[in-house]
Amino acid sequence: MTKTPVVALLYLLLLAVLSSSAPAQTQRREAQIYRCGPEGRQLQDSPCSDKPTGTAQSVAFDQPSATQQREARERAAAERKQADRMEQERLQAEATQRKNQAAPGRIDGLASPAATPGAAASSPHAKPQPKKPKFLPQRNKSSVPAGASSAPR
């Protein structure tokens, strides 16, 4: 006999034993409530002071078992740990990103002139010199007499 059928048989036997045990179920419970206040919108578990002869209504609800409550607490704790771990990863990633982007820049995202090569020689507060035009426009001296001005009289 080979090991594979024996292992499969043991798994089936274990599954049958586990399925025959009663799983933890919620318990069906009932509570008595009283409608009080204007239009009966206030609910309480004791008779109303303004209507001492009021009738109680029965409300059915499911009470989770102790096993379900424990599992829910464990699941919440695991999710809390995962959220804390994810927050730490995010904070580390943001710190790394800030460190990588620590170079000064302008609002348009371009590097400042001081950060560009060749700009270190000029002072950061010096005004740029205006460029001279490549050619100067020539005046036609023959059309304007020597003593005339362009302002109207």
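**Salt bridges and the disulfide of the predicted model**

Arg70 and Glu74 lie four residues apart in helix 2 (residues 66-100), and are therefore separated by about one helical turn; helices (H or I, at least four residues) and strands (E, at least two) are DSSP runs, numbered from the N terminus. The model is predicted, so that local features need pLDDT of at least 70 and side-chain atom pairs count only at pLDDT 80 or more, while totals for chains, interfaces and linings use all residues. Residues are numbered from 1 along each chain as its sequence is written, and side-chain values use heavy atoms, with hydrogens and water left out.

Side chains of opposite charge can pair when their charged atoms come close. Three salt bridges are present in the structure, a salt bridge being a side-chain nitrogen of Lys or Arg within 4 Å of a carboxyl oxygen of Asp or Glu. In one of them, the side chains of Arg70 and Glu74 meet at 3.7 Å, N to O. Arg70 has a relative accessibility of 40% and counts as partly exposed, and Glu74, with a relative accessible area of 47%, is likewise partly exposed; here buried means under 20% relative accessible area, exposed over 50%, and partly exposed in between (1.4 Å probe, protein chains only).

Arg85 and Glu89 form another salt bridge, with an N to O distance of 3.1 Å, and these two residues, both in helix 2, stand four residues apart, about one turn of the helix. Arg85 is partly exposed at 43% relative accessibility, as is Glu89, for which the relative accessible area is 42%. A salt bridge also joins Glu94 to Arg90, where the closest N and O atoms are 3.0 Å apart; both residues belong to helix 2 and are again four residues, or about one turn of the helix, from each other. Glu94 counts as partly exposed at 30% relative accessibility, and Arg90 is partly exposed with a relative accessible area of 42%.

A disulfide is a covalent bond between the sulfur atoms of two cysteines. One disulfide is found in the structure, the term being applied to a pair of cysteine sulfur atoms within 2.5 Å. The disulfide is formed by Cys36 and Cys48, whose sulfur atoms are 1.6 Å apart. This pair links distant parts of the chain, with Cys36 in strand 1 (residues 27-36) and Cys48 twelve residues away in the loop between strand 2 (42-44) and strand 3 (57-63). The link of Cys36 and Cys48 is left-handed, with -85° about the S-S bond, and both cysteines are buried.
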